[in-house]
Amino acid sequence: MSSSLTRRTGPLASRLCAFCRSSPSSLPIAGPSRPSPIRSLHVAPIARDRGSPHRKSSGRGPSRQRAPQGGRPLRHDRAGQFPPVITPKDYAPRQGSRVGKVVQVILSRLPEWIISSRTHRRLDAYGFDANTAKITLRDWMGGVEAGLSGVRDDAGAREALQSRGWDVDGLLHALVSEEAGTAFEAAMLRHYLEYTVLHESTPHSLAAHLRQLLSITDISRLPFQGQNLPARSLTRHFHLHIGPTNSGKTYNALKALSRADTGAYAGPLRLLAHEVWERLNLGTVGELNGKGRACNLLTGEERRIVGDDAGLLSCTVEMLPLGGAGGDGYDVVVIDEIQMMGDPHRGGSWTTAVLGLKAKEIHLCGDETTMDLLRSLVEPLGDQLTVHRYNRLTPLVVSDKSLNGDYATVQPGDCIVTFSRTNIFAVKKAVEQTAGRKCAVVYGALPPETRAEQAREFNEGRAEVLVASDAVGMGLNLKINRMIFESLHKFNGRTEVPLSLTQIKQIAGRAGRFGQGRTSSPTATPTSGASATSSTAERNMADPADPALPDETPAPGGEVTTLHRVDLPLLRHLLPTPLPSITHATVDVPFGVTEQLAALLPLSTPFSELLDHVSNLARLPPHTTLGTTQHKAPLSDLIEPMREHLSLSEFDLFTYSPVNTRDQRIVDIFRTIVSGYAMTGKVSFDEVFGPSKLLKTLDAVEVALSTMPSPLQIQDGKRWVLPGIVINSLPVLESLHKSLVLYIWLSFRLNVAFPDRPIAVEVKARTEAVLEQSLEHLPGLRRRKKLSAEDRERIRAQEAREAEQEAKTGKGKVGIDWRPRDEGERTRERWRGVGLVQPEQEVEKDSAA
């Protein structure tokens with residue numbers, strides 16, 4: 001293809017998009033392949049050459065900007081634009097596409113696809129010569145145009161497509177996804193190759209080679225192949241527990257698990273797996289009544305073996321052994337957040353569990369969006385599906401008014417949700433200085449252990465207010481009375497975008513969780529359908545006097561509101577809105593397919609291009625869509641220089657590493673690790689972390705914190721000076737923690753090559769402690785030699801507020817009640833060393849095996 005296509009300056013770049021007949025420059029930024037409830041203005045076009053083989057969509061989002069509105073200060077986002085204007089129309093369900101539209105897209109894209117330079121690079125890799133490619137492409141396009149051009153209605157279009165081997169349902173799904181361009185490109189490639197195999201001018205050797213390519217990448221019978229095959233020996237009984245947040249669905253599923261001889265819990269987060277592991281061992285689940293069950297823990301970076309003969313396991317979904325201990329299967333398995341099977345990044349693990357889990361009874365917990373999809377997946381396998389519906393156990397009400405931008409009205413038990421680290425600490429500072437209420441903070445970049453400790457500070461009352469990102473929506477049990485949205489949009493790395501309906505509902509639902517509420521009762525208007533029916537409440541209600549069920553006692557309910565009044569009407573409109581159904585489950589292509597395909601391609605094929613070939617050639621099972629390789633592709637580019645020193649399986653393993661490629665510090669550590677492993681086969685802790693400045697920063701912050709008084713020793717209302725190194729080092733410490741997690745993660749998979757896990761675990765604990773101490777002292781103030789006019793005005797306004805408060809209450813400057821956290825320390829210490837697996841134990845087991 002000519003370079004003009006890449007630069008968007010040539011004649012083809014000025015053509016209208018074949019999907020919506022609008023300018024390509026106005027197309028939205030690509031998102032997940034799951035249909036979003038937020039309507040895009042256009043459908044992304046077929047991906048064009050950009051010098052990269054990765055399957056990515058591109059484009060630009062809507063240019064709408066927020067004008068000044070009542071109650072919201074005008075501010076720019078990080079891209080230099082105003083936040084978008086959001087209305088209920090943005091959340092209207094997408095209309096299903098007509099089959100005739102699929103025909104239109106195929107016919108309009110054929111001429112461009114056959115001359116694309118990327119198409120011809122792929123054909124070169126498959127062994128085509130120029131003459132064979134020219135003849136077969138011409139004849140194939142002519143046959144497609146002749147077969148599809150005469151259709152007059154949807155029925156005729158469906159018949160024409162199906163009779164000629166096109167995946168109609170898959171292409172209909174692609175039309176309403178953000179990956180429409182790449183999906184149609186892949187469909188055309190496979191359809192053309194299947195045609196070429198039978199073409200009279202195709203050399204016999206090439207035809208045989210193409211048959212191998214197509215056969216290897218045909219995973220349409222995935223449920224009956226490979227690791228999924230043992231599950232076909234059982235007639236499994238699925239129990240689908242569906243309901244909104246705080247409806248008791250997971251609690252009831254765990255009751256079934258607690259009664260089983262063998263079983264497992266699989267959750268989306270290590271925090272959830274750890275919580276269930278702890279509760280099963282303590283006997284605070286279901287009907288155990290304080291009599292603990294031996295349960296082991298298995299996550300990506302932590303393994304705890306309480307007993308070799310323990311019948312129960314708590315793990316993350318990615319780590320769930322499909323066949324159970326010794327391949328004997330399970331009696332009961334609980335899979336949490338089943339709607340994640342539609343997630344383009346991680347959903348493949350949920351789909352793998354549904355298809356391949358060898359268990360008599362499988363309990364799936366999630367929202368109502370998955371019911372029809374699960375029926376279509378499990379019933380053709382001969383399995384049984386029973387649906388259990390739940391209503392919310394406590395009412396969720398929308399406040400009659402917002403906070404109107406006034407942080408002084410924040411109350412104990414409030415959680416303020418905002419969407420960047422900078423905003424989180426700004427809100428924390430504002431609340432502590434204006435309302436005098438200590439704040440805990442939770443955001444995604446914090447280590448899970450630190451998030452759990454901050455949650456404990458809030459739950460046990462040592463922090464009255466929680467300031468959090470959308471990370472609060474999953475994985476933490478929180479005693480939130482009122483959820484406050486600072487805004488209904490967030491920065492996605494490129495521009496400000498509206499929160500999805502799923503995010504809004506999940507975050508709002510954290511307020512007033514059953515057994516987690518505080519004593520105050522909200523006064524607001526209930527949302528429709530918020531309260532539980534009597535039968536559901538009775539079925540799920542626990543005895544408040546039962547000490548074995550501390551987390552399942554009644555609560556008065558929750559409240560949700562916004563910081564600015566302009567957002568409140570939209571929030572009130574959205575909460576009762578039903579979520580759109582998930583129509584396709586995400587699947588991951590098995591590594592064996594990638595390995596076999598690599599043997600049929602040129603040896604010089606980069607791994608990222610190999611992933612691209614797999615994605616474009618794969619034929620999928622019904623009702624599924626292919627998972628994204630957006631995480632693996634950039635990592636493969638980092639690993640590629642070491643390709644000749646790594647096996648394909650080792651290369652593939654490294655592409656799954658928990659690495660944020662936007663954090664250069666972690667990228668540098670990752671490069672050091674891969675290089676060390678490739679060249680010597682052994683990676684010591686000192687080799688990785690010695691040359692970096694991360695450990696030196698940890699030491700320096702520890703020294704700085706040791707010179708500071710504890711918040712308990714600071715008088716009410718007194719401001720202290722926090723050393724700049726503590727404030728500025730937070731991102732560095734977060735990077736250090738993630739780098740340590742990376743080393744530990746690899747040590748569980750390559751335990752001989754990464755021998756220093758105990759050292760990494762020890763430094764990880766130090767890092768978590770320093771992060772907790774730093775958050776305890778923030779926001780803090782740094783001295784300035786000269787105050788700006790803005791600072792002087794802000795101080796005068798603060799002093800005026802304090803004077804007004806003193807006149808009303810007789811108290812001057814607001815102060816924070818700092819209390820010790822001895823209970824949290826005791827809880828953490830109790831589990832610190834229980835069942836930890838050491839590297840030498842793994843080596844002994846491997847030797848014995």
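Me: Which residue in β7 is the bridge partner of H237?

Reply: In this predicted model, H237 is bridged to E361 of β7. The two strands involved are β1, covering residues 237–242, and β7, covering residues 359–366. Six bridges join them, and they run parallel.

Me: And β8, how many bridges join it to β1?

Reply: Six bridges join β1 to β8, and this pair also runs parallel.

Me: How many residues of β1 are buried?

Reply: Five of the six residues of β1 are buried, and the strand is mostly covered.

Me: What is the order of the strands in the sheet?

Reply: The sheet is open and has eight strands, in the order β4-β3-β5-β2-β6-β7-β1-β8. Its pairing is mixed. As background, strands of a sheet pair through backbone hydrogen bonds, either parallel or antiparallel.

Me: Which strands are at the edges?

Reply: The edge strands are β4, residues 302–304, and β8, residues 384–389. Each of them pairs on one side only. From one strand to the next, the twist averages 15 degrees.

Me: Do tell me about β4. How does β3 run against it, parallel or antiparallel?

Reply: Strand β3, residues 295–299, runs antiparallel to β4, and three bridges join the two. Within this pair, L298 stands opposite R303 of β4.

Me: Which strands does helix α10 touch?

Reply: Helix α10, residues 270–282, packs on the sheet and touches β2, β3, β4 and β5. The direction of α10 makes about 170 degrees with that of β3.

Me: What comes up in the loop between α10 and β3?

Reply: N289 is found in that loop. Its phi is near 55 degrees, a positive value in a residue other than glycine. Most residues other than glycine have a negative phi.

Me: Is N289 buried or exposed?

Reply: N289 counts as exposed, because its relative accessibility is 51% and the cut-off for exposed is over 50%.

Me: Where is E337, and what is its phi?

Reply: E337 lies in the loop between β6, residues 330–335, and α11, residues 347–356. Its phi is positive, at about 55 degrees, although E337 is not a glycine.

Me: Buried or exposed, that one?

Reply: E337 counts as buried, because its relative accessibility is 17% and buried means under 20%.

Me: New topic. Why is helix α6 described as largely enclosed?

Reply: Six of the eight residues of α6, residues 168–175, are buried, so the helix is largely enclosed by the rest of the structure. The buried residues are V168, L171, L172, H173, A174 and L175.

Me: What do they pack against?

Reply: The buried residues of α6 pack against the helices α2 (99–115), α5 (154–163) and α7 (180–197), and against strand β19 (624–626).

Me: Which residue caps the N-terminal end of α6?

Reply: D167 caps that end. A side-chain oxygen of D167 lies 3.2 Å from the backbone nitrogen of G170.

Me: Now R392. Where does it sit?

Reply: R392 lies in the loop between β8 and β9, the latter being residues 396–398. R392 is buried, yet it has no salt bridge.

Me: How far away is the nearest side chain of opposite charge?

Reply: That side chain belongs to E559, and it is 11 Å away.

Me: Then which backbone oxygens does the side chain of R392 reach?

Reply: The side chain of R392 reaches the backbone oxygen of A511 at 2.4 Å. A polar atom of the R392 side chain also lies 3.2 Å from the backbone oxygen of G509.

Me: What about L742, is it buried or exposed?

Reply: L742 counts as buried, because its relative accessibility is 0%. L742 is found in helix α26, residues 730–749.

Me: What does L742 touch?

Reply: Leaving aside residues up to four places away in sequence, L742 touches S657, P658, V659, F670 and I673. L742 and I673 are 69 residues apart in sequence, and their C-alpha atoms are 9.5 Å apart in space.

Me: Last one, the whole chain. How many helices and strands?

Reply: The chain has 30 helices and 19 strands. Of its 849 residues, 55% are buried. Among contacts between residues at least 6 apart in sequence, 77% join residues at least 24 apart.

Terms used:
Residues are numbered from 1 along each chain as its sequence is written. This is a predicted model: local features need pLDDT of at least 70, side-chain atom pairs count only at pLDDT 80 or more; totals for chains, interfaces and linings use all residues. Side-chain values use heavy atoms; hydrogens and water are left out. Two strands pair if DSSP finds at least two bridges between them. Helices (H or I, at least four residues) and strands (E, at least two) are DSSP runs, numbered from the N terminus. Axes are lines fitted to C-alpha atoms, for helices over the stretch in contact, and angles run from 0 to 180 degrees between N-to-C directions. Contact means heavy atoms within 4.5 Å. Buried means under 20% relative accessible area, exposed over 50%, partly exposed in between (1.4 Å probe, protein chains only). A polar contact is a pair of N or O atoms within 3.5 Å; within protein, one must be able to donate a hydrogen and the other to accept it, and residues adjacent in sequence count only if both atoms are side-chain atoms. Lys and Arg count as positive and Asp and Glu as negative; His and the chain ends are not counted. A salt bridge is a side-chain nitrogen of Lys or Arg within 4 Å of a carboxyl oxygen of Asp or Glu.
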